[in-house]
There are 2 protein chains.
Amino acid sequence: MSIVLDGTKIAGEIRGSVRDEAKLLKQKTGIVPGLAVVLVGDDPASEIYVGRKAKACEEAGFASRQYRLAAATGEGELLNLIDVLNKDSLIHGILVQLPLPVHISTKKVIAAIDPLKDVDGFHPTNVGRMVIGLPAYVPATPLGILRLIEHYQIPTEGKNVVVLGRSNIVGTPISVLLSRKAYPGNATVTLCHSKSAGLAEITLRADIIIAALGATHFIKADMVKDGAVVIDVGMNQIPDSSAKKGTRLVGDVDFVHVSPKCSFITPVPGGVGPMTVCALMINTWEAYNRSIYG
Amino acid sequence: MSIVLDGTKIAGEIRGSVRDEAKLLKQKTGIVPGLAVVLVGDDPASEIYVGRKAKACEEAGFASRQYRLAAATGEGELLNLIDVLNKDSLIHGILVQLPLPVHISTKKVIAAIDPLKDVDGFHPTNVGRMVIGLPAYVPATPLGILRLIEHYQIPTEGKNVVVLGRSNIVGTPISVLLSRKAYPGNATVTLCHSKSAGLAEITLRADIIIAALGATHFIKADMVKDGAVVIDVGMNQIPDSSAKKGTRLVGDVDFVHVSPKCSFITPVPGGVGPMTVCALMINTWEAYNRSIYG
């Protein structure tokens, strides 16, 4: 019998407690944590994510400012905006929605954000601090996964964890985090990717599978051992004529057939997704509190 | 039949070419790359390492300055010295020999080094840049291992790599490096440590084993599959009455019994050790050239 990890519920609880703290803060000091969200161009998926983040900010009682720039915006103009936001004392967190148009260097833009305001945790300074075990903003999706694991008290020490996908946003950081000397962590982590051979053999040995490939229903029942924990980071839109908008969101895991084998599994939607938005609130709250950089 | 990876020879070749380049540079400009090595206290092992690094610097035609501070040196005094070295235009690389006395915060000291002069690659900025794939100083031991793998053209793509030991100096960075989309890399890497269960089963599946535990002869023949590549990072001193100084250097691998099973194996001494010293020369040369930070 598998327990479905309820990301929507847990994220709601965490957001509720952040909201309460923010309310207290406002009563005492008149200050609210401020998040600037920058969107360049009009990618429909990015629009949705930015909308969700703005809504979560409002709900948490944060001040959210959205900067919507045309797709043709130059790199210099974007860097100027970041410079202004870095200096803006009402803004505690800065988030530049990715992907950026190809004529803008993502690495340059990320490096331009003040590490103290880098609530996405993508700046080299935050990545490095996280890897060597210093306090750091942890990227939203890995942080959301850690909070889910903590909430359900899923054991990780000495467990075989298999991470599929080596992105800087999910796969690589979560593999580092689950290897470190802490809870959740102390796991034996294998990081797999497009060049890995014999994937089914590797996933079959996993106590915990974290699927972050972006491939619809890639993880099938015959790739998962009985009792495994399965965390699905996939957010894939597939055609669905019965849906109002003609598409439907599915994960990297074939939930229907995999879930009966699992001890714990995240659904899509309602698993990692809401935790990711909630993790951004946590980071913005910490940015306001200076709890990372003291 | 196993090929013994000759770290002494390869390191000698690389150091020779760095020396030639440095000589040309001096003829043209009168400038030599400068490395500052800071040693606090009188740990005998640290003395040996610092001595080797100074000698390698001399041989390469670099300017090496040693700062030997008493064990009782305060943290503030050490941070002041680093500040002076950060501003010294004749010093291109700064290395603080670890471990530091317990009354000094290692993390604070590492963070105080200018990332552009951080030839050990331990500063959060360098670690983060390395992890996300930006040019960075790679810590000496992992860089030495990469150079050995490259020299012997050992295939890594799609191979199962098992790294034993999760230190910030060796295990964690080499596991990240061998996972990335490049050569050497594109491997499926499993990072093991003291909390890992069933180690022998894991190492038996490895195409490449990197042993960095600091445990004498931990890797036995029955933990290694036929044809595996074994890289031994161990530097353990064991008693040996037949040796002049009463001890002998051995690795984490039981070389005598393991080597007949391997396709490639590094000896101890003469494997990873000399490559590590040589990697520091490479990083100092790159620090002079600004080839990392442009």
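Biologist: How many residues of helix 5 of chain B are buried?
Modeller: Buried means 20 or more other C-beta atoms within 10 Å of a residue's own; 12 or fewer is exposed, in between is partly exposed, and C-beta atoms are placed from the backbone. Helices (H or I, at least four residues) and strands (E, at least two) are DSSP runs numbered from the N terminus. In this predicted model, helix 5 of chain B is largely enclosed by the rest of the structure, because its buried count is nine of nine.

Biologist: What pLDDT do local features need?
Modeller: pLDDT is the predictor's confidence in each residue, from 0 to 100. Residues are numbered from 1 along each chain as its sequence is written, while chains are lettered from A and ligands numbered from 1 in the order in which they are written. This is a predicted model: totals for chains, interfaces and linings use all residues, side-chain atom pairs count only at pLDDT 80 or more, and local features need pLDDT of at least 70.

Biologist: What is the mean pLDDT of chain A?
Modeller: In chain A, 100% of the residues reach 70 or more. For the complex, the predictor gives an ipTM of 0.95 and a pTM of 0.96. The mean pLDDT of chain A is 96.

Biologist: Which element gives the largest share of the side of chain B that touches chain A?
Modeller: 27 residues of chain B are in contact with 27 residues of chain A. Three elements of chain B give two or more residues to that side: helix 5 (124-132), helix 7 (171-179) and strand 6 (188-192). The largest share is eight residues, from helix 5 of chain B.

Biologist: How far apart in space are B:Ala111 and B:Thr125?
Modeller: B:Ala111 lies in helix 4 of chain B and is buried, with 21 other C-beta atoms within 10 Å. Beyond four places in sequence, B:Ala111 is in contact with B:His123 and B:Pro124. B:Ala111 and B:Thr125 are 14 residues apart in sequence; C-alpha to C-alpha, the gap is 8.7 Å.

Biologist: What is the radius of gyration of chain A?
Modeller: Chain A has ten helices and eleven strands. The radius of gyration is taken over C-alpha atoms, and the globule rule is 2.2 Å times the number of residues to the power 0.38. For 294 residues the rule gives 19 Å, so chain A is as compact as a globular protein of that length, with a radius of gyration of 19 Å.

Biologist: How far apart are the C-alpha centres of domain 1 and domain 2 of chain A?
Modeller: Domain bounds come from an automatic or database domain assignment. Chain A is divided into domain 1 (29-114) and domain 2 (140-273). Their C-alpha centres lie apart by 28 Å.

Biologist: How many residues are in the largest nonpolar core?
Modeller: A nonpolar core is a set of buried Ala, Val, Leu, Ile, Met, Phe, Trp, Tyr and Cys residues joined through C-beta atoms within 7 Å. Those that touch the most other members are A:Ile209, A:Ile210, A:Val230, B:Ile209, B:Ile210 and B:Val230. Beyond four places in sequence, the contacts of B:Ile210 include B:Ile145 and B:Val233. The core's residue count is 193.

Biologist: Where does A:Pro184 lie?
Modeller: A cis peptide bond joins A:Tyr183 and A:Pro184, with omega about -10°. A:Pro184 lies in the loop between helix 7 and strand 6 (188-192) of chain A.

Biologist: Is B:Arg290 buried or exposed?
Modeller: B:Arg290 lies in the segment after helix 10 of chain B. Its phi is positive, about 55°, although B:Arg290 is not a glycine. With 10 C-beta neighbours inside 10 Å, B:Arg290 counts as exposed.

Terms used
Two residues are in contact if their C-beta atoms, placed from the backbone, lie within 7 Å.
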